[in-house]
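Subject: Handing over the two-chain model

Hi there,

Here is the structure I promised to pass on to you. Please have it open while you read, and my notes on what I found follow below.

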Protein chains: 2
Amino acid sequence: MRFSTPRRLLACSALAAALVSPLALSHFDDKQVNQSYRQSWFTLLAMNFGPMGSMAKGEMPWDDEALKGYARELEAVANLNLMRGFAEGSEQGTTRAKPEIWQNKADFESKLEDLRKASAALNAMAGNGDRKAIAEQIGAVGKTCKSCHDEYKSKNYLY
Amino acid sequence: MRFSTPRRLLACSALAAALVSPLALSHFDDKQVNQSYRQSWFTLLAMNFGPMGSMAKGEMPWDDEALKGYARELEAVANLNLMRGFAEGSEQGTTRAKPEIWQNKADFESKLEDLRKASAALNAMAGNGDRKAIAEQIGAVGKTCKSCHDEYKSKNYLY
């Protein structure tokens with residue numbers, strides 16, 4: 001078994017990390033704590049936004065109670081201190097976070113604020129029974145995700 | 001390069017996951033979303049508790065402002081819906097979560113409540129300037145972590 005292509009080199013690094021760090025499989029790597037922090041944040045965010053997005057698109061059954069829970073968690077996660085995860089120095093290493101984040105910190109943070117506002121608005125209306133308006137607001141939250149990803153997230157999914 | 005020992009087999013699985021899933025390196029694996037959710041939660045929890053624990057032990061300089069931030073985030077993270085991450089079925093696969101969690105769900109949840117109460121108490125006092133009391137409460141939070149880990153977290157750090 002030989003590692004020769006960049007893809008395999010990357011896998012080899014992942015393998016080495018898994019062997020070296022006893023906590024690697026719990027997503028915590030001493031060498032990249034900020035990356036681990038922000039990736040964990042994005043995971044929690046996605047796991048709350050994901051099902052709401054699917055409900056809004058009709059890809060899964062609409063469930064008012066579940067949606068209220070997701071909306072509440074989404075706002076809570078959005079309001080955590082994400083910027084810790086983008087501390088100076090954490091642009092190093094294998095990451096899909098583009099260097100422009102650290103070059104345009106204020107713009108990046110303003111996009112984070114857009115997400116927070118949109119999530120708060122969604123949570124505030126999540127229980128009101130107006131599915132059309134809720135679905136539109138889910139779309140509005142999704143736009144704040146996309147707006148930031150377009151500019152600041154690498155499309156290289158090997159990273 | 002050959003994979004023969006259990007450790008290497010595990011690494012091989014990690015490697016396969018990294019190759020197969022484009023999002024594996026962002027801690028999101030379609031096959032184990034609940035594990036990914038709970039591991040992300042524990043990462044955020046640990047990254048807020050960790051520095052407070054170190055301050056309480058005198059292993060890093062005490063910083064009232066930083067501590068207030070960590071205590072606020074700790075309470076917010078503790079109050080997220082962790083139990084989603086321990087849904088039925090998510091006891092499968094490579095995990096340090098012991099099967100007893102699913103056998104003693106009520107006890108596990110009561111230990112989670114202990115953490116939430118201790119974190120809320122810590123956050124409430126974090127700004128009051130009484131370092132001795134704050135350090136003791138950090139210890140009290142740590143005991144709620146340990147109490148649960150002792151019973152429900154495998155000590156096999158290969159997992």
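Let me start with one residue: Ser54(A) is found in helix α2 of chain A, which covers residues 33-56. Please keep in mind throughout that this is a predicted model.

Is Ser54(A) buried or exposed? Its relative accessible area is 19%, and the cut-off for buried is under 20%, so Ser54(A) counts as buried. Leaving aside residues up to four places away in sequence, Ser54(A) touches Glu59(A) and Met60(A).

Ser54(B) has its place in helix α2 of chain B. With a relative accessible area of 18%, Ser54(B) is buried. Its contacts, again not counting residues up to four places away in sequence, are with Glu59(B) and Met60(B).

Now for chain A as a whole. Its secondary structure comes to 6 helices and 0 strands, and along the sequence the pattern reads α-α-α-α-α-α. Chain A has 159 residues, of which 43% count as buried. If you take the contacts in chain A between residues at least 6 apart in sequence, 68% of them join residues at least 24 apart.

Next, how the two chains meet through their α2 helices. The axes of α2(A) and α2(B) come within 9 Å and cross at roughly 135°. That angle makes α2(A) oblique to α2(B), and the crossing is left-handed. Which residues make this contact? From α2(A) they are Val33(A), Ser36(A), Tyr37(A), Ser40(A), Trp41(A), Thr43(A), Leu44(A), Met47(A) and Asn48(A). From α2(B) they are Val33(B), Ser36(B), Tyr37(B), Ser40(B), Trp41(B), Thr43(B), Leu44(B), Met47(B) and Asn48(B). By class, the residues of this contact divide into 10 nonpolar, 8 polar and no charged.

Helix α2 of chain B also has a partner within its own chain. The axes of α2(B), residues 33-56, and α6(B), residues 131-152, come within 9 Å and cross at roughly 130°. The two helices are therefore oblique to each other, and α2(B) passes α6(B) in a left-handed crossing. On the α2(B) side, the contact is made by Phe49(B), Met52(B), Gly53(B) and Ala56(B). On the α6(B) side, the residues are Ala135(B), Ile138(B), Val141(B) and Gly142(B). This contact of α2(B) with α6(B) has 6 nonpolar, 2 polar and no charged residues.

One more residue in chain B deserves a paragraph. Asp64(B) lies in helix α3 of chain B, which covers residues 64-78. How accessible is Asp64(B)? At 28% relative accessibility, Asp64(B) counts as partly exposed. The side chain of Asp64(B) makes a polar contact with the side chain of Trp62(B), at 3.0 Å. Asp64(B) and Gly129(B) are 65 residues apart in sequence, yet 7.6 Å apart in space from C-alpha to C-alpha.

Note on methods:
Residues are numbered from 1 along each chain as its sequence is written. Chains are lettered from A and ligands numbered from 1 in the order in which they are written. This is a predicted model: local features need pLDDT of at least 70, side-chain atom pairs count only at pLDDT 80 or more; totals for chains, interfaces and linings use all residues. Side-chain values use heavy atoms; hydrogens and water are left out. Axes are lines fitted to C-alpha atoms, for helices over the stretch in contact, and angles run from 0 to 180 degrees between N-to-C directions. Helices (H or I, at least four residues) and strands (E, at least two) are DSSP runs, numbered from the N terminus. Angles under 35 degrees count as roughly parallel, over 145 as roughly antiparallel, 65 to 115 as roughly perpendicular and the rest as oblique. A crossing is left-handed if the near helix is turned anticlockwise from the far one by less than a right angle, and right-handed if clockwise. Contact means heavy atoms within 4.5 Å. Ala, Val, Leu, Ile, Met, Phe, Trp, Tyr, Cys and Pro count as nonpolar, Asp, Glu, Lys and Arg as charged, and the others, Gly among them, as polar. Buried means under 20% relative accessible area, exposed over 50%, partly exposed in between (1.4 Å probe, protein chains only). A polar contact is a pair of N or O atoms within 3.5 Å; within protein, one must be able to donate a hydrogen and the other to accept it, and residues adjacent in sequence count only if both atoms are side-chain atoms.
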